[in-house]
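Dear colleague,

Please find below the structure that I am handing over to you. My notes on what was found in it follow directly after.

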Amino acid sequence: MRHDESRALYDRALSVIPGGVNSSVRATRPYPFFIERGDGAHVVDADGNRYLDYVMGYGPLLYGHEMPDPVRAAVQSHASEGPMYGAPTEVEVDLAEFVARHVPSVEMIRFVNSGTEATVSAVRLARGYTGRDKIVVMQGGYHGAQESTLVEGSFENAQPSSPGIPSSFAEHTLPIPFNDAAAAERVFEEYGDEIAAVLTEPILANTGIVHPVDGYHERLRELTDAHGALLIFDEVITGFRVGGLQCAQGKFDVTPDVTTFGKIVGGGFPVGAIGGKAEILEGFTPAGDVFQSGTFSGHPVTMAAGYESLKYAAENDVYDNVNRLGERLREGISDIVADQAPAYTVVGTDSMFKTVFTREGPEATDDTGAGDATVCDAGCVQDESCARYDYCPKTGADVADAETERWERIFWQEMKERGIFLTANQFESQFVSYAHTDEDVEETLEAYKEAL
């Protein structure tokens, strides 16, 4: 493949955009390829190279690059009637009602413009509602580019994870390892009366796709209830991707007090949302005193795209199809890994997938890579009976200890040269869309065989 145009565009971008990109994850090595257009499950770059796309905009594109006809018609209609108004529209009520009907935790919802804005607003709401300041987060969890959660270290010694964040922010943030119920119990023993909320992804979806161990979220629910704190699920990635229209909270049967959304809920357009119990959500102005506002919030084009996208999913076989293809991919990659790289761990659920280049695994004694024992054949789901259970990542740190450089410097490059567009680092999730086909899956598996 030639990348002359992308290299020239990147050279121009470096002169006027910091690092040449507008989101850090796009800064692939040695330089990013610039996309010219999308086509179903594919993207075409500035040099005319065509790739099977599993990045899917980092999650929003449930339908790939080809909107269903009702979605396209709604977007075109609302765009042609005026960009936006600074006043409410009916379609934002339609979308709010749809989400409230389907997601267990949602009685009311406030729309904003990004996942980061949603989690910022949810943290402020939790603090305002409880009158407390401290927020428990998961090490390796990601909740957008906000000061309250860009922290590292332990809850005994949290520090900002980026320059530009005063250390005083980290004093109110308590990081604990995901899947460590004992650590959650300890932090509540020490700070229980000061904790406004626990903020967690149902699945660590920005850190290699780490599933919760059995009973973990239930224990968080018990602890927050016992101490008068809120449980906030960040479903920016998993929302309407995992668990269908009920989201991951429906799949795991744990109902949080507040849920943040993004990506799919806007049909591929910029969006965020905070949903939850009416008693809590009415804390936002103008109903309550917790300030929240935004010029572009509830943008009619975004609301129309989100509403028609979710309606289409409800009325068609969208989730059955994408989840079936996701399972085929994970099963196929699991077979390849067992044969060629038995230490590696395949992760994911529904239409999400990833291979984590873990360094250790059970001794391979047959073609399953785990002797005669039972294994999770379609991605790690933290099954204690699985022979790989002790080797599957349980925390963000476990993923960080994997062969992250091998993924980015070698494997990603090899897959790109074979026309497969994956997320460029070990941590970000990959996604199947409604535009993908069984033939695409087979092509992808062949590329995995060659690249691994």
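**Helix packing**

Helix H11 passes helix H14 in a right-handed crossing. Please bear in mind throughout that this is a predicted model. H11 covers residues 318-340 and H14 covers residues 438-451; their axes come within 10 Å and cross at roughly 20 degrees. An angle under 35 degrees counts as roughly parallel, and H11 and H14 are therefore roughly parallel to each other. On the H11 side, the contact is made by Arg 324, Leu 325, Arg 328, Leu 329, Gly 332, Ile 333, Ile 336 and Gln 340. H14 contributes Asp 438, Val 441, Glu 442, Thr 444, Leu 445, Tyr 448 and Lys 449. By class, the residues of this contact between H11 and H14 comprise seven nonpolar, three polar and five charged.

A further helix pair is formed by H6 (181-191) and H7 (residues 216-227). The axes of H6 and H7 lie 10 Å apart, and the packing angle is about 10 degrees. H6 and H7 are therefore also described as roughly parallel to each other. Ala 181, Ala 184, Glu 185 and Phe 188 of H6 meet Tyr 216, Arg 219, Leu 220, Leu 223, Thr 224 and His 227 of H7. The contact of H6 with H7 contains six nonpolar, two polar and two charged residues.

**The protein as a whole**

The protein has 14 helices and 16 strands. Its radius of gyration is 22 Å, close to the 22 Å that the globule rule gives for 452 residues, so the protein is as compact as a globular protein of that length. The C-alpha trace spans about 60 × 55 × 45 Å along its principal axes. Of the 452 residues, 55% count as buried. Among contacts with a separation of 6 or more, 71% are between residues 24 or more positions apart.

**Backbone features in the loops**

Two cis peptide bonds may be of interest to you. The bond from Arg 29 to Pro 30 is cis, with omega near -10 degrees. Pro 30 belongs to the loop between helix H1 (4-16) and strand E1 (35-39). Thr 285 and Pro 286 are likewise joined by a cis peptide bond, where omega is about 5 degrees. Pro 286 is placed in the loop between helix H9 (278-281) and helix H10 (300-315).

Positive phi values are also found in residues other than glycine. Asn 179 has a phi near 75 degrees and sits in the loop between strand E8 (173-177) and helix H6. With a relative accessible area of 13%, Asn 179 is buried. Lys 263 has a phi of about 50 degrees and lies in the loop between strand E11 (258-262) and strand E12 (272-276). Lys 263 is partly exposed, its relative accessible area being 23%.

**The surroundings of Ala 343**

Which residues does Ala 343 touch, not counting residues up to four places away in sequence? They are Thr 358, Arg 359, Glu 360, Gly 361 and Arg 388. Ala 343 itself is located in the loop between H11 and strand E13 (345-347). Although Ala 343 and Phe 357 are 14 residues apart along the chain, their C-alpha atoms are separated by 7.3 Å.

With kind regards

Note on methods
Residues are numbered from 1 along each chain as its sequence is written. This is a predicted model: local features need pLDDT of at least 70, side-chain atom pairs count only at pLDDT 80 or more; totals for chains, interfaces and linings use all residues. Side-chain values use heavy atoms; hydrogens and water are left out. Axes are lines fitted to C-alpha atoms, for helices over the stretch in contact, and angles run from 0 to 180 degrees between N-to-C directions. Helices (H or I, at least four residues) and strands (E, at least two) are DSSP runs, numbered from the N terminus. Angles under 35 degrees count as roughly parallel, over 145 as roughly antiparallel, 65 to 115 as roughly perpendicular and the rest as oblique. A crossing is left-handed if the near helix is turned anticlockwise from the far one by less than a right angle, and right-handed if clockwise. Contact means heavy atoms within 4.5 Å. Ala, Val, Leu, Ile, Met, Phe, Trp, Tyr, Cys and Pro count as nonpolar, Asp, Glu, Lys and Arg as charged, and the others, Gly among them, as polar. The radius of gyration is taken over C-alpha atoms; the globule rule is 2.2 Å times the number of residues to the power 0.38. Buried means under 20% relative accessible area, exposed over 50%, partly exposed in between (1.4 Å probe, protein chains only).
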